[in-house]
Amino acid sequence: IGMLTNLVLLGLNGVNLSGTVPTEIGNLRDLKTLLLAETANLGGTVPTELGNLLNPKMILLQHTGLHGTVPLALCQALARRPGSYLMMTDRYLDGTASMSCPENCPCLVNDNVYEGMTV
């Protein structure tokens with residue numbers, strides 16, 4: 001998948017995926033929209049390599065089996081483009097997700113369970 005360098009939209013919502021999010025998605029430098037919602041069997045953490053995206057606009061990761069914190073590199077990539085956002089609702093986040101996102105990072109993490117987080 002990392003060879004599709006001109007890809008701007010990767011939509012896999014509702015597809016019966018299992019395993020983890022491929023780190024090679026970070027090689028899709030022109031990717032603006034990543035849709036991995038409704039993929040409950042998709043697990044692991046959000047790859048730090050997603051921070052390599054040059055101008056991400058919308059990343060939807062809600063209703064997945066992902067866990068962990070939002071990588072700082074991804075938040076910084078989103079913050080570079082006004083109007084961009086990352087939606088991660090109905091997930092289980094452990095750690096300190098809000099500390100991994102700068103104040104101007106548009107991370108929507110509503111309806112989550114936070115473990116070990118100080119608000």
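At 29% relative accessibility, T69 counts as partly exposed in this predicted model, and the residue is placed in the loop that runs between strand 5 and helix 1. Its C-alpha atom lies 9.9 Å from that of P47, a residue 22 positions away in sequence. The loop between strand 5, which spans residues 58–60, and helix 1 also holds H63. H63 has a positive phi of about 60° although it is not a glycine, and its relative accessibility of 30% makes it partly exposed.

A positive phi of about 60° is likewise found at E38, which is not a glycine either. For context, most residues other than glycine have a negative phi. E38 belongs to the loop between strand 3 and strand 4, and with a relative accessibility of 48% this residue is classed as partly exposed.

The loop between strand 3 (33–35) and strand 4 (42–43) also contains T39. At 1% relative accessibility, T39 falls under the 20% limit and therefore counts as buried. A polar atom of the T39 side chain lies 2.6 Å from the backbone oxygen of L36. When neighbours within four places in sequence are left aside, the contacts of T39 comprise L12, G14, V15 and L17, together with H63, T64 and G65.

At the level of the whole protein chain, the secondary structure consists of 1 helix and 9 strands, arranged along the sequence in the pattern β-β-β-β-β-α-β-β-β-β. Of the contacts in the chain with a separation of 6 or more, 55% are accounted for by residues 24 or more positions apart. The chain has 119 residues, of which 40% count as buried, and it exposes about 6000 Å², with carbon and sulfur atoms supplying 54% of that area.

The largest nonpolar core comprises 21 residues, among which I25, L34, I59, L61 and L86 touch the most other members. The largest share of this core, 3 residues, is contributed by helix 1, which covers residues 72–79. Within helix 1, the buried residues are L74, C75, A77 and L78. Seen down the helix axis, these buried residues fall within an arc of 160°, so they line one face of helix 1. In general, an α-helix has 3.6 residues a turn, so residues three or four places apart point the same way.

As regards confidence, the pLDDT averages 78 over the protein chain, and 76% of the residues score at least 70. Over residues 95–100 the pLDDT is below 50, although this stretch has 17 contacts in the model beyond near neighbours in sequence. The pLDDT is also below 50 over residues 114–119, for which the model has 14 contacts beyond near neighbours in sequence. Where pLDDT is low, the predicted coordinates should not be read in detail.

Note on methods. Residues numbered from 1 in each chain as written. Predicted model: local features only at pLDDT ≥ 70, side-chain atom pairs only at ≥ 80, totals over all residues. Heavy atoms only, no water. Helix = DSSP H or I, 4+ residues; strand = E, 2+ residues; numbered from the N terminus. Buried < 20%, exposed > 50% of the residue type's maximum accessible area, 1.4 Å probe, protein only. Polar contact = N/O pair within 3.5 Å; in protein donor to acceptor, adjacent residues only side chain to side chain. Contact = heavy atoms within 4.5 Å. Core = buried A, V, L, I, M, F, W, Y, C linked by side-chain atoms within 4.5 Å. Areas by Shrake-Rupley, 256 points an atom, 1.4 Å probe, with all protein chains shown as cover. Arc of directions from axis to C-beta. pLDDT = per-residue confidence, 0-100.
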